[in-house]
Amino acid sequence: MSKPFLPPQTRPVGSSPVGRITDLPPAEGWWIRAFRHWGGEERVLSEDMTGRFGAARAKRILSRFDELMEILVSHARRPLMAHGAGCQCLGSDEAVFALFCTTATHGAREDAMMIACLMVRPDVAPIAVSLAQGLGLEIERGLRARKLC
């Protein structure tokens, strides 16, 4: 007697673990934590940012982050997946998001555009890159000003 076919368990596209969050540089880790808290646990993110940057700069950073996430979510090629806030795994969508944000901040614009096109439509990619670059630079300025690098 043959065994019935059982399809393999599948994860939602983009949630497959590709690493550990502890293996990332601190800046990329921040992008992942912010990505995970956005849309549900924003209070935690807001408290963390206010403690690091002060109320005024934190409000500006969170507003820009919200704008970036709204662009990514509303123009995404498919829903982006995030692991739970306390999970140590690094999901594939989270890894691409962190790479996109750090490349937009420090890398070549063309590279950031190419990575953005993995997440959003090509016509929206330049907007996402500009938002991520401005946000990344604002975070770095804030860290330097507070000497928390």
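Ile21 lies in the loop between β1 (17–20) and α1 (26–37), where helices (H or I, at least four residues) and strands (E, at least two) are DSSP runs numbered from the N terminus. The model is predicted: local features need pLDDT of at least 70, side-chain atom pairs count only at pLDDT 80 or more, and totals for chains, interfaces and linings use all residues. Residues are numbered from 1 along each chain as its sequence is written, and side-chain values use heavy atoms, with hydrogens and water left out.

Ile21 has a relative accessible area of 11% and is therefore buried; buried means under 20% relative accessible area, exposed over 50%, and partly exposed in between (1.4 Å probe, protein chains only). Not counting residues up to four places away in sequence, Ile21 touches Gly29, Ile32, Arg33, Arg36, Cys87, Gln88, Cys89 and Leu90, contact being defined as heavy atoms within 4.5 Å. Ile21 and Glu94 are 73 residues apart along the chain, and their C-alpha atoms are separated by 9.6 Å.

Among the residues touched by Ile21 are Cys87 and Cys89. A disulfide is a pair of cysteine sulfur atoms within 2.5 Å, and the structure holds zero disulfides. Cys87 is partly exposed, because its relative accessibility is 25%; Cys117, at 24%, likewise counts as partly exposed.

The overall fold may now be described. The secondary structure comprises six helices and two strands, arranged along the sequence in the pattern β-α-α-α-β-α-α-α. The protein has 149 residues, of which 38% count as buried. Of the contacts between residues at least 6 apart in sequence, 72% join residues at least 24 apart.

Two packed helices are described by the angle between their axes and the distance between the axes. Axes are lines fitted to C-alpha atoms, for helices over the stretch in contact, and angles run from 0 to 180 degrees between N-to-C directions. The table gives two such pairs.

| Helix pair | Axes come within | Crossing angle |
|---|---|---|
| α2 (residues 42–53) and α3 (residues 55–74) | 7 Å | roughly 135 degrees |
| α3 and α4 (residues 92–106) | 14 Å | roughly 125 degrees |

The angle makes α3 oblique to α4, since angles under 35 degrees count as roughly parallel, over 145 as roughly antiparallel, 65 to 115 as roughly perpendicular and the rest as oblique. Phe65, Leu68, Met69 and Leu72 of α3 meet Phe97, Phe100 and Cys101 of α4.

The crossing of α2 and α3 is right-handed. Here Leu45, Ser46, Met49, Thr50 and Phe53 of α2 make the contact with Ala55, Arg57, Ala58, Ile61, Leu62 and Phe65 of α3.

A further residue, Arg109, is placed in helix α5 (residues 109–119). Is Arg109 buried, partly exposed or exposed? At 37% relative accessibility, Arg109 counts as partly exposed. Leaving aside neighbours within four places in sequence, Arg109 is in contact with Pro126, Val129, Ser130 and Gln133. Arg109 and Ser130 are 21 residues apart in sequence, and 9.0 Å apart in space from C-alpha to C-alpha.

Terms used. A crossing is left-handed if the near helix is turned anticlockwise from the far one by less than a right angle, and right-handed if clockwise.
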